[in-house]
Amino acid sequence: MARLNETQFVVMLTESDDGGAAMFAERARTRLGTTPFTRREDGHGVYVRAWAGWVRWEAAFETPEAYLQAALAELERTR
């Protein structure tokens with residue numbers, strides 16, 4: 001896992017096929033988006049808006065940022 005900045009992360013699954021990667025991305029997105037990360041003073045939860053996409057490894061991706069950009073492009077394409 002690599003933290004790119006305050007709001008973006010890349011997780012590299014080295015022993016996963018396409019189905020496993022898709023399942024991981026969906027489970028991560030669902031978990032992040034359904035559990036409050038903090039509560040306001042009135043007790044209401046504050047939730048994360050999570051986007052999670054995935055791409056297959058390619059030699060052209062030389063940095064975590066390159067993976068992130070490819071995953072975001074794929075997420076936009078499949079929306």
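## Helix 2 and the chain around it

Helix 2 covers residues 64-77, and because a helix of its 14 residues should span 20 Å at 1.5 Å a residue, the 20 Å between its end C-alpha atoms agrees with expectation. The expected span is 1.5 Å times one less than the number of residues. This is a predicted model, in which local features need pLDDT of at least 70 and side-chain atom pairs count only at pLDDT 80 or more, while totals for chains, interfaces and linings use all residues. Residues are numbered from 1 along each chain as its sequence is written, and side-chain values use heavy atoms, with hydrogens and water left out.

Tyr 67, Leu 68, Ala 70, Ala 71 and Leu 75 are the buried residues of helix 2 (under 20% relative accessible area, with exposed meaning over 50%, 1.4 Å probe, protein chains only). They lie on the same side of helix 2, because their arc around the axis is only 165°. The arc is taken from the directions from the helix axis to the C-beta atoms. Gln 69 and Arg 77, on the other side of helix 2, are exposed. Strand 2 (9-10) is what the buried residues of helix 2 pack against.

The protein chain has two helices and four strands (DSSP runs: H or I of at least four residues, E of at least two). From the N terminus, their order is β-β-α-β-β-α.

| Property of the protein chain | Value |
|---|---|
| Buried share of the 79 residues | 13% |

How values were computed: Contact means heavy atoms within 4.5 Å.
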